[in-house]
Amino acid sequence: MPAAPAPAAALRERLLLVVLYITVLASSVAFIEPSPHDGLMGLLALACLIAGVRFERHIALLFLLLLIWNVAGLMSLLNVAGQEQTVQYAGTSIYLAVATVLFASLFAHNTMPRIVTVRSAYVLTATAVSLAGIAGYFSLFPGAHDLFATNDRALGGFKDPNVFGPFLIWPALVVLDRILVRRARIADVLIAGVLLLALLLSFSRGAWFHFAVSCFVMITLAFVTAETPSARLRIFAMSVIGIAVLAAFIAIALSFDLIAAMFRERAQLVQSYDVGSGGRFGLQELAITDLLNFPNGMGPFEFSRVHGLQQHNVYLQAFLVYGWAGGMAYLTLLAATFWTALRTVFVRTPWQPYLVCAFAAFVGEVVEGFVIDTDHWRHFFLLLGMIWGLAAATFNHGRGRPIALPAGRFSHVDA
């Protein structure tokens with residue numbers, strides 16, 4: 001049995017968990033820049049320093065690739081020197097890279113109490129912001145629509161429904177995994193219903209497809225990693241029931257004329273702004289030409305300044321903004337994250353379900369990146385840090401290090 005932590009160390013860890021909880025809780029308030037979450041990240045870094053969180057050697061590759069990506073981005077600023085907005089963009093990239101390394105280092109040790117803290121805060125804040133989005137869409141109180149559902153699309157505490165929708169997917173997967181694999185508690189069923197309704201009302205085609213891909217990956221991995229044949233049978237049976245319930249849920253939602261009309265409009269594979277002169281696909285063709293002509297990148301916002309709109313593809317964005325070196329570093333980062341997750345996701349640990357859900361959400365977001373710019377989505381970098389940190393914890397677990405489990409109702413069986 002591992003020795004009990006000293007009182008001072010336990011107090012520092014408790015402080016870290018409290019700050020971590022509040023920081024994640026604030027992550028759904030994203031309609032202002034900088035957001036409260038950004039300010040709290042500085043406090044979290046201080047709490048990590050006090051608690052003795054240290055850099056983990058297993059995340060060295062993550063750090064190196066993020067460093068190359070950001071150095072290349074800083075070099076591209078030479079093309080747009082003197083523009084304050086571009087400097088802020090580069091600063092945000094650096095901040096998100098630091099946050100990723102911080103989260104990875106944090107999850108690498110004392111893993112279960114920390115990941116359960118994130119789970120609790122993330123599910124709570126996602127549920128709250130989903131309720132706000134739903135209230136706004138149906139105008140449940142005066143001013144709700146203007147605050148939480150502009151342009152007849154739920155966006156909660158975000159400025160863009162296309163970011164709001166993907167933000168809900170990791171917590172939705174965590175809740176659905178618990179329903180499928182462990183037990184279907186009434187509270188979890190209600191939370192899943194709220195999150196999925198808000199996701200539907202975001203009317204984000206990318207988020208819908210993202211959820212479908214992520215849910216498929218999560219269920220597949222849960223089935224493959226199940227401990228017993230009876231557990232696999234439960235996952236299969238519950239998945240069939242879940243699909244039937246989801247179909248009925250969507251059918252009921254579409255019985256409302258307001259939802260049905262918007263759904264018919266948004267469910268079309270190709271929208272008017274995708275084609276024609278100045279459409280998404282045409283802009284992506286121009287982006288390919290430009291990235292070949294600018295090996296050092298064009299710099300932040302320069303493509304939209306020249307052509308009028310963004311190209312809405314994070315991989316083209318990586319090369320256009322960060323240059324060839326930055327673009328290759330970004331692609332390598334995604335590939336390395338994919339490989340790192342695959343190396344560890346099949347290892348049985350207390351945090352395996354969280355790694356499964358993080359990897360599933362990551363795969364969906366990588367696919368969604370072909371139709372939207374995700375390089376500054378804060379929750380995406382949380383997923384990166386989560387995958388690398390949990391993978392590092394798994395490597396340490398393989399070397400026989402003791403595992404700290406949260407006490408009381410946060411036991412790993414319940415988590």
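How many disulfides does the rule count here? The count comes to 0 disulfides, a disulfide being a pair of cysteine sulfur atoms within 2.5 Å.

## About the model

Welcome to a predicted model, in which local features need pLDDT of at least 70, side-chain atom pairs count only at pLDDT 80 or more, and totals for chains, interfaces and linings use all residues. Residues are numbered from 1 along each chain as its sequence is written, and side-chain values use heavy atoms, with hydrogens and water left out.

## The cysteines

Let us look at two cysteines. The sulfur of Cys 215 has its closest cysteine sulfur in Cys 357, at 9.4 Å, which is too far for a bond. Cys 357, likewise, is in no disulfide. Cys 215 is buried, with 15% relative accessibility, and Cys 357 is buried too, at 1%. Here buried means under 20% relative accessible area, exposed means over 50%, and partly exposed lies in between (1.4 Å probe, protein chains only).

## Salt bridges

A salt bridge is a side-chain nitrogen of Lys or Arg within 4 Å of a carboxyl oxygen of Asp or Glu. By this rule there are 7 salt bridges. One of them joins Arg 114 to Glu 13, with the closest N and O atoms 2.9 Å apart. Arg 114 sits in helix α5 (residues 111–137) and Glu 13 in helix α1 (residues 7–25), so this pair ties together parts that are 101 residues apart in sequence. Helices (H or I, at least four residues) are DSSP runs, numbered from the N terminus. Both partners are buried: Arg 114 has 5% relative accessibility, and Glu 13 has 13%.

Another salt bridge brings Glu 33 and Arg 378 together, at 3.1 Å from N to O. This pair links distant parts of the chain, 345 residues apart: Glu 33 is in the loop between α1 and α2 (36–51), while Arg 378 is in helix α17 (residues 378–398). Glu 33 is partly exposed, at 47% relative accessible area, and Arg 378 is partly exposed at 23%. These two also belong to a network of salt bridges that takes in Asp 38 and Lys 159. Elsewhere, Asp 188 and Arg 185 meet in a salt bridge of 3.3 Å, N to O; Asp 188 is buried at 2% relative accessibility, whereas Arg 185 is partly exposed at 29%.

## The nonpolar interior

In soluble globular proteins, nonpolar side chains tend to be buried together. A nonpolar core is a set of buried Ala, Val, Leu, Ile, Met, Phe, Trp, Tyr and Cys residues joined through side-chain atoms within 4.5 Å. The largest one in this model has 111 residues, and Leu 44 and Trp 170 touch the most other members. Leaving aside residues up to four places away in sequence, Leu 44 touches Leu 16, Val 19, Leu 20, Thr 23, Leu 102, Phe 103 and Leu 106, where contact means heavy atoms within 4.5 Å. A second, separate core has 8 residues, including Ala 287, Met 298, Phe 303 and Phe 319.

Finally, a surface patch of about 690 Å² is made by nonpolar residues, among them Phe 55, Leu 61, Phe 63, Ile 68 and Met 75. Such patches are made of residues with over 30% relative accessible area and no salt bridge, with nonpolar side chains (Val, Leu, Ile, Met, Phe, Trp, Tyr) joined within 5 Å. Ile 68 lies in helix α3 (residues 60–76) and is partly exposed, with a relative accessible area of 35%.

Notes. Helices (H or I, at least four residues) and strands (E, at least two) are DSSP runs, numbered from the N terminus. Patches are made of residues with over 30% relative accessible area and no salt bridge: like charges are joined within 9 Å, nonpolar side chains (Val, Leu, Ile, Met, Phe, Trp, Tyr) within 5 Å. Accessible areas come from the Shrake-Rupley method with a 1.4 Å probe; for residues, only the protein chains shown count as cover.
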